[in-house]
Amino acid sequence: MDRIVAAQVFVAIHERGSMAAAANALGMSRPMVSRYLAEMEAWAGARLLHRTTRSVGLTAAGAETLTHCEQLLAAAQAVPAVADVDLDEPHGLLRVACSQSMGQCLLMPALADYMTRYPRTSVELQVSNDSVDLVRERIDLAIRITDRLPPQLIARRLGACESVLVASPAYLRRHGQPQSVESLAGHNCLIYTHFGSDQWNFTLGGRTVGVRVGGKLRANDPGVLLQAALEGAGIALQPLHAASPWLAMGRLVALLPHCPPRALGVHAVYASRRTMSASLRTLLDHLTRWFAPPDVRQGRQSAASLHPELAADSV
(Lines give C-alpha, C1' and ligand atoms only; values in the text may rest on other atoms or scores of the structure.)
Protein backbone atom coordinates (compact mmCIF):
# COMPACT_ATOMS: atom_id res chain seq x y z
CA MET A 1 0.00 0.00 0.00
CA ASP A 2 1.05 3.63 -0.53
CA ARG A 3 2.91 4.85 2.56
CA ILE A 4 2.24 8.51 1.76
CA VAL A 5 -1.49 7.82 1.75
CA ALA A 6 -1.05 5.78 4.96
CA ALA A 7 0.62 8.82 6.53
CA GLN A 8 -2.27 11.04 5.35
CA VAL A 9 -4.75 8.62 6.94
CA PHE A 10 -2.86 8.54 10.24
CA VAL A 11 -2.65 12.34 10.42
CA ALA A 12 -6.35 12.64 9.52
CA ILE A 13 -7.34 10.24 12.30
CA HIS A 14 -5.40 12.33 14.81
CA GLU A 15 -6.80 15.64 13.51
CA ARG A 16 -10.40 14.46 13.18
CA GLY A 17 -10.51 12.47 16.40
CA SER A 18 -11.88 9.21 15.01
CA MET A 19 -11.47 6.74 12.18
CA ALA A 20 -15.00 7.38 10.96
CA ALA A 21 -14.39 11.13 10.72
CA ALA A 22 -11.09 10.55 8.92
CA ALA A 23 -12.81 8.24 6.45
CA ASN A 24 -15.42 10.90 5.74
CA ALA A 25 -12.82 13.65 5.33
CA LEU A 26 -10.69 11.59 2.95
CA GLY A 27 -13.59 10.10 1.00
CA MET A 28 -12.55 6.55 1.97
CA SER A 29 -14.43 3.62 3.40
CA ARG A 30 -13.92 2.76 7.08
CA PRO A 31 -12.28 -0.60 6.22
CA MET A 32 -9.82 1.18 3.92
CA VAL A 33 -8.86 3.60 6.71
CA SER A 34 -8.30 0.61 9.02
CA ARG A 35 -6.05 -1.03 6.41
CA TYR A 36 -3.95 2.10 6.01
CA LEU A 37 -3.63 2.50 9.77
CA ALA A 38 -2.48 -1.13 10.05
CA GLU A 39 0.05 -0.44 7.28
CA MET A 40 1.37 2.59 9.18
CA GLU A 41 1.65 0.63 12.44
CA ALA A 42 3.48 -2.20 10.64
CA TRP A 43 5.84 0.37 9.10
CA ALA A 44 6.47 2.03 12.48
CA GLY A 45 6.76 -1.32 14.24
CA ALA A 46 4.58 -0.15 17.12
CA ARG A 47 1.01 0.54 18.14
CA LEU A 48 0.27 4.18 17.32
CA LEU A 49 -3.18 4.78 18.82
CA HIS A 50 -5.09 4.03 22.00
CA ARG A 51 -8.58 3.21 20.70
CA THR A 52 -11.84 3.21 22.66
CA THR A 53 -15.44 3.16 21.50
CA ARG A 54 -15.58 6.96 21.80
CA SER A 55 -12.16 8.32 20.94
CA VAL A 56 -8.60 7.68 19.83
CA GLY A 57 -5.39 8.98 21.39
CA LEU A 58 -1.73 8.83 20.48
CA THR A 59 0.63 6.37 22.11
CA ALA A 60 4.17 7.54 22.82
CA ALA A 61 5.27 5.93 19.56
CA GLY A 62 2.27 7.49 17.83
CA ALA A 63 3.24 11.01 18.93
CA GLU A 64 6.74 10.57 17.52
CA THR A 65 5.43 8.97 14.33
CA LEU A 66 2.94 11.82 13.88
CA THR A 67 5.81 14.32 13.69
CA HIS A 68 7.59 12.23 11.07
CA CYS A 69 4.35 11.81 9.06
CA GLU A 70 3.70 15.55 9.03
CA GLN A 71 7.26 16.13 7.81
CA LEU A 72 6.84 13.43 5.16
CA LEU A 73 3.62 14.96 3.85
CA ALA A 74 5.11 18.44 3.80
CA ALA A 75 8.07 17.12 1.80
CA ALA A 76 5.78 15.24 -0.61
CA GLN A 77 3.72 18.37 -1.23
CA ALA A 78 6.85 20.42 -1.86
CA VAL A 79 8.20 18.13 -4.61
CA PRO A 80 5.89 19.29 -7.45
CA ALA A 81 6.27 22.90 -6.41
CA VAL A 82 10.05 22.68 -6.70
CA ALA A 83 9.83 20.94 -10.06
CA ASP A 84 7.09 23.06 -11.59
CA VAL A 85 6.87 26.69 -10.50
CA ASP A 86 7.24 28.72 -13.68
CA LEU A 87 3.81 29.87 -14.84
CA ASP A 88 5.23 30.77 -18.24
CA GLU A 89 6.68 27.29 -18.79
CA PRO A 90 4.70 24.75 -16.73
CA HIS A 91 5.70 21.16 -17.24
CA GLY A 92 4.95 17.66 -16.06
CA LEU A 93 2.05 15.21 -15.94
CA LEU A 94 -1.42 16.16 -14.73
CA ARG A 95 -3.92 13.46 -13.79
CA VAL A 96 -7.45 14.64 -14.59
CA ALA A 97 -10.75 12.86 -13.93
CA CYS A 98 -14.12 13.47 -15.58
CA SER A 99 -17.26 11.74 -16.81
CA GLN A 100 -17.37 10.13 -20.24
CA SER A 101 -19.71 12.64 -21.86
CA MET A 102 -17.82 15.58 -20.38
CA GLY A 103 -14.50 14.19 -21.61
CA GLN A 104 -15.68 13.50 -25.13
CA CYS A 105 -17.79 16.57 -25.78
CA LEU A 106 -16.31 19.40 -23.75
CA LEU A 107 -13.10 18.70 -21.89
CA MET A 108 -10.94 17.06 -24.54
CA PRO A 109 -10.87 20.13 -26.85
CA ALA A 110 -9.90 22.30 -23.87
CA LEU A 111 -7.11 19.92 -22.82
CA ALA A 112 -5.79 19.66 -26.37
CA ASP A 113 -5.63 23.45 -26.59
CA TYR A 114 -3.90 23.64 -23.21
CA MET A 115 -1.19 21.13 -24.19
CA THR A 116 -0.64 22.99 -27.46
CA ARG A 117 -0.17 26.22 -25.54
CA TYR A 118 2.12 24.54 -22.97
CA PRO A 119 3.98 21.82 -24.89
CA ARG A 120 5.97 20.60 -21.88
CA THR A 121 2.80 19.44 -20.11
CA SER A 122 0.97 16.14 -20.52
CA VAL A 123 -2.37 14.82 -19.26
CA GLU A 124 -3.56 11.42 -18.10
CA LEU A 125 -7.35 11.43 -18.34
CA GLN A 126 -9.30 9.09 -16.06
CA VAL A 127 -12.84 8.68 -17.38
CA SER A 128 -15.51 7.48 -14.97
CA ASN A 129 -19.07 8.43 -14.10
CA ASP A 130 -18.29 7.77 -10.42
CA SER A 131 -16.69 10.37 -8.15
CA VAL A 132 -13.08 9.31 -7.68
CA ASP A 133 -11.08 9.68 -4.47
CA LEU A 134 -8.62 12.45 -5.36
CA VAL A 135 -6.10 11.49 -2.69
CA ARG A 136 -6.15 7.74 -3.13
CA GLU A 137 -6.17 7.89 -6.95
CA ARG A 138 -3.62 10.73 -7.02
CA ILE A 139 -5.88 12.89 -9.13
CA ASP A 140 -4.71 16.47 -9.57
CA LEU A 141 -8.02 17.79 -10.88
CA ALA A 142 -11.54 16.40 -11.26
CA ILE A 143 -14.26 18.01 -13.35
CA ARG A 144 -17.64 17.37 -11.75
CA ILE A 145 -21.15 18.31 -12.80
CA THR A 146 -23.04 18.74 -9.56
CA ASP A 147 -24.52 21.15 -7.05
CA ARG A 148 -23.43 19.03 -4.08
CA LEU A 149 -19.68 19.10 -3.47
CA PRO A 150 -17.90 17.41 -0.54
CA PRO A 151 -16.97 20.09 2.03
CA GLN A 152 -13.36 18.93 2.37
CA LEU A 153 -12.56 19.62 -1.29
CA ILE A 154 -11.75 22.91 -2.98
CA ALA A 155 -13.68 23.84 -6.10
CA ARG A 156 -13.65 26.48 -8.78
CA ARG A 157 -16.92 26.91 -10.64
CA LEU A 158 -16.24 26.87 -14.37
CA GLY A 159 -19.77 27.35 -15.64
CA ALA A 160 -23.15 25.67 -15.92
CA CYS A 161 -24.17 22.41 -17.55
CA GLU A 162 -27.49 22.95 -19.30
CA SER A 163 -29.76 19.93 -19.67
CA VAL A 164 -32.58 19.12 -22.05
CA LEU A 165 -35.53 16.76 -21.95
CA VAL A 166 -35.56 14.55 -25.07
CA ALA A 167 -37.42 11.72 -26.74
CA SER A 168 -37.36 10.17 -30.19
CA PRO A 169 -40.06 10.95 -32.80
CA ALA A 170 -41.06 7.28 -32.66
CA TYR A 171 -41.71 7.40 -28.92
CA LEU A 172 -43.72 10.61 -29.28
CA ARG A 173 -45.87 9.11 -32.05
CA ARG A 174 -46.78 6.23 -29.77
CA HIS A 175 -47.24 8.10 -26.49
CA GLY A 176 -47.69 11.78 -27.34
CA GLN A 177 -45.76 14.78 -26.08
CA PRO A 178 -45.92 15.73 -22.40
CA GLN A 179 -47.62 19.11 -22.02
CA SER A 180 -46.39 19.89 -18.50
CA VAL A 181 -43.77 18.66 -16.06
CA GLU A 182 -46.54 17.02 -14.04
CA SER A 183 -47.54 14.91 -17.05
CA LEU A 184 -44.08 13.29 -17.06
CA ALA A 185 -45.34 11.05 -14.25
CA GLY A 186 -47.44 9.23 -16.87
CA HIS A 187 -44.52 8.62 -19.24
CA ASN A 188 -41.75 6.05 -19.38
CA CYS A 189 -38.79 8.09 -18.13
CA LEU A 190 -35.20 6.85 -18.32
CA ILE A 191 -33.58 7.26 -14.90
CA TYR A 192 -29.94 8.12 -14.25
CA THR A 193 -29.20 6.31 -10.99
CA HIS A 194 -25.94 8.15 -10.23
CA PHE A 195 -27.87 11.09 -8.75
CA GLY A 196 -29.70 8.73 -6.40
CA SER A 197 -33.09 10.36 -6.94
CA ASP A 198 -36.18 9.89 -9.13
CA GLN A 199 -36.98 13.60 -8.98
CA TRP A 200 -36.36 15.79 -12.01
CA ASN A 201 -36.15 19.52 -11.35
CA PHE A 202 -37.22 22.25 -13.76
CA THR A 203 -37.25 26.05 -13.80
CA LEU A 204 -40.64 27.66 -14.33
CA GLY A 205 -41.31 31.36 -13.81
CA GLY A 206 -38.13 31.83 -11.80
CA ARG A 207 -38.89 29.00 -9.38
CA THR A 208 -37.83 25.35 -9.21
CA VAL A 209 -40.50 22.73 -9.87
CA GLY A 210 -39.77 19.09 -9.05
CA VAL A 211 -41.61 16.03 -10.32
CA ARG A 212 -41.24 12.37 -9.40
CA VAL A 213 -40.69 10.21 -12.47
CA GLY A 214 -40.50 6.50 -13.12
CA GLY A 215 -39.86 4.07 -15.92
CA LYS A 216 -38.72 0.65 -17.04
CA LEU A 217 -35.03 1.46 -17.53
CA ARG A 218 -32.43 2.77 -15.10
CA ALA A 219 -28.69 3.06 -15.66
CA ASN A 220 -25.60 4.62 -14.08
CA ASP A 221 -24.31 5.81 -17.46
CA PRO A 222 -26.03 8.74 -19.21
CA GLY A 223 -24.68 7.51 -22.55
CA VAL A 224 -26.70 4.31 -22.20
CA LEU A 225 -29.83 6.35 -21.49
CA LEU A 226 -29.14 8.58 -24.50
CA GLN A 227 -28.93 5.51 -26.72
CA ALA A 228 -32.14 4.16 -25.19
CA ALA A 229 -33.90 7.44 -25.99
CA LEU A 230 -32.66 7.21 -29.59
CA GLU A 231 -34.15 3.70 -29.76
CA GLY A 232 -37.54 5.03 -28.65
CA ALA A 233 -37.42 3.50 -25.18
CA GLY A 234 -38.58 6.61 -23.32
CA ILE A 235 -37.91 10.20 -22.26
CA ALA A 236 -34.41 11.09 -21.08
CA LEU A 237 -32.92 14.03 -19.22
CA GLN A 238 -29.59 14.66 -20.93
CA PRO A 239 -26.74 17.18 -20.87
CA LEU A 240 -27.29 19.59 -23.74
CA HIS A 241 -23.78 19.02 -25.05
CA ALA A 242 -24.47 15.29 -25.42
CA ALA A 243 -27.93 15.60 -26.97
CA SER A 244 -27.25 18.53 -29.35
CA PRO A 245 -25.95 16.51 -32.34
CA TRP A 246 -29.02 14.25 -32.26
CA LEU A 247 -31.38 17.18 -31.90
CA ALA A 248 -29.78 18.81 -34.95
CA MET A 249 -30.27 15.62 -36.99
CA GLY A 250 -33.90 15.26 -35.90
CA ARG A 251 -33.21 11.93 -34.19
CA LEU A 252 -34.37 13.47 -30.91
CA VAL A 253 -36.96 16.13 -30.06
CA ALA A 254 -36.56 18.66 -27.24
CA LEU A 255 -39.56 18.64 -24.88
CA LEU A 256 -41.14 21.31 -22.66
CA PRO A 257 -38.96 24.20 -23.93
CA HIS A 258 -40.95 26.64 -21.77
CA CYS A 259 -39.84 24.79 -18.64
CA PRO A 260 -36.12 23.91 -18.96
CA PRO A 261 -34.42 21.46 -16.60
CA ARG A 262 -32.46 23.09 -13.82
CA ALA A 263 -28.83 23.59 -14.78
CA LEU A 264 -26.03 22.07 -12.69
CA GLY A 265 -22.69 23.65 -11.96
CA VAL A 266 -19.50 22.53 -13.70
CA HIS A 267 -16.73 22.52 -11.09
CA ALA A 268 -12.98 21.97 -11.18
CA VAL A 269 -12.25 20.13 -7.92
CA TYR A 270 -8.90 19.52 -6.23
CA ALA A 271 -7.65 18.54 -2.82
CA SER A 272 -5.39 21.36 -1.64
CA ARG A 273 -4.25 24.89 -2.44
CA ARG A 274 -0.87 24.35 -0.77
CA THR A 275 2.18 24.25 -3.04
CA MET A 276 0.01 24.13 -6.16
CA SER A 277 2.13 23.35 -9.21
CA ALA A 278 2.36 25.77 -12.11
CA SER A 279 0.81 23.20 -14.42
CA LEU A 280 -2.27 22.81 -12.22
CA ARG A 281 -2.64 26.56 -11.72
CA THR A 282 -2.34 27.30 -15.44
CA LEU A 283 -4.76 24.49 -16.30
CA LEU A 284 -7.32 25.88 -13.85
CA ASP A 285 -6.98 29.34 -15.37
CA HIS A 286 -7.18 27.91 -18.89
CA LEU A 287 -10.39 25.97 -18.12
CA THR A 288 -11.93 29.03 -16.46
CA ARG A 289 -11.40 31.02 -19.65
CA TRP A 290 -12.43 28.14 -21.89
CA PHE A 291 -15.80 27.53 -20.22
CA ALA A 292 -16.69 31.19 -19.79
CA PRO A 293 -19.44 32.45 -22.14
CA PRO A 294 -17.86 34.39 -25.05
CA ASP A 295 -19.38 37.68 -23.95
CA VAL A 296 -18.03 37.21 -20.42
CA ARG A 297 -14.42 36.25 -21.20
CA GLN A 298 -13.15 39.73 -21.98
CA GLY A 299 -14.91 41.27 -19.02
CA ARG A 300 -13.65 38.56 -16.69
CA GLN A 301 -10.06 39.06 -17.82
CA SER A 302 -10.32 42.82 -17.26
CA ALA A 303 -11.94 42.40 -13.84
CA ALA A 304 -9.37 39.82 -12.75
CA SER A 305 -6.53 42.17 -13.66
CA LEU A 306 -8.04 44.90 -11.48
CA HIS A 307 -9.41 42.64 -8.73
CA PRO A 308 -7.40 39.36 -8.42
CA GLU A 309 -9.69 38.18 -5.62
CA LEU A 310 -12.48 37.64 -8.17
CA ALA A 311 -10.62 34.61 -9.50
CA ALA A 312 -10.24 32.97 -6.09
CA ASP A 313 -11.40 29.42 -5.58
CA SER A 314 -13.96 28.40 -2.98
CA VAL A 315 -14.11 25.60 -0.47
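Is leucine 256 buried or exposed? In this predicted model, leucine 256 has a relative accessible area of 4%. Because buried means under 20% relative accessible area, leucine 256 counts as buried. The residue belongs to the loop that joins β13 (253–255) to β14 (264–270).

**Threonine 282 and its partner**

Threonine 282 is part of helix α9, which spans residues 278–291. With a relative accessibility of 6%, threonine 282 is classed as buried. Its side chain forms a polar contact of 2.8 Å with the side chain of tyrosine 114.

Tyrosine 114 is itself buried, as is tyrosine 118. The count of aromatic pairs comes to 1. In that pair, the ring centres of tyrosine 114 and tyrosine 118 are 5.0 Å apart and the ring planes stand at 55°, so the arrangement is tilted. Tyrosine 114 thus has a polar contact with threonine 282 and an aromatic pairing with tyrosine 118.

**Packing of α5 against α9**

Tyrosine 114 lies among the α5 residues that meet α9. Helix α5 covers residues 100–117 and packs against α9 at an angle of about 125°, the two axes being 10 Å apart. The two helices are therefore oblique to each other. Their crossing is right-handed.

The α5 side of this contact includes Met102, Leu106, Leu107, Pro109 and Ala110, as well as Asp113 and Arg117.

| Pair | Kind | Distance |
|---|---|---|
| Threonine 282 and tyrosine 114 | Polar contact between side chains | 2.8 Å |
| Tyrosine 114 and tyrosine 118 | Tilted aromatic pair | 5.0 Å between ring centres |

**The chain as a whole**

The protein chain contains 10 helices and 14 strands. Of its 315 residues, 41% are buried. Among contacts in the chain with a separation of 6 or more, 73% involve residues 24 or more positions apart.

Methods:
Residues numbered from 1 in each chain as written. Predicted model: local features only at pLDDT ≥ 70, side-chain atom pairs only at ≥ 80, totals over all residues. Heavy atoms only, no water. Helix = DSSP H or I, 4+ residues; strand = E, 2+ residues; numbered from the N terminus. Buried < 20%, exposed > 50% of the residue type's maximum accessible area, 1.4 Å probe, protein only. Polar contact = N/O pair within 3.5 Å; in protein donor to acceptor, adjacent residues only side chain to side chain. Phe/Tyr/Trp six-rings, centres within 6.5 Å; stacked < 30°, edge-to-face > 60°. Axes fitted to C-alpha atoms, helices over the stretch in contact; angles between N-to-C directions. Parallel < 35°, antiparallel > 145°, perpendicular 65-115°, else oblique. Left-handed = near helix turned anticlockwise from the far one by under 90°. Contact = heavy atoms within 4.5 Å.
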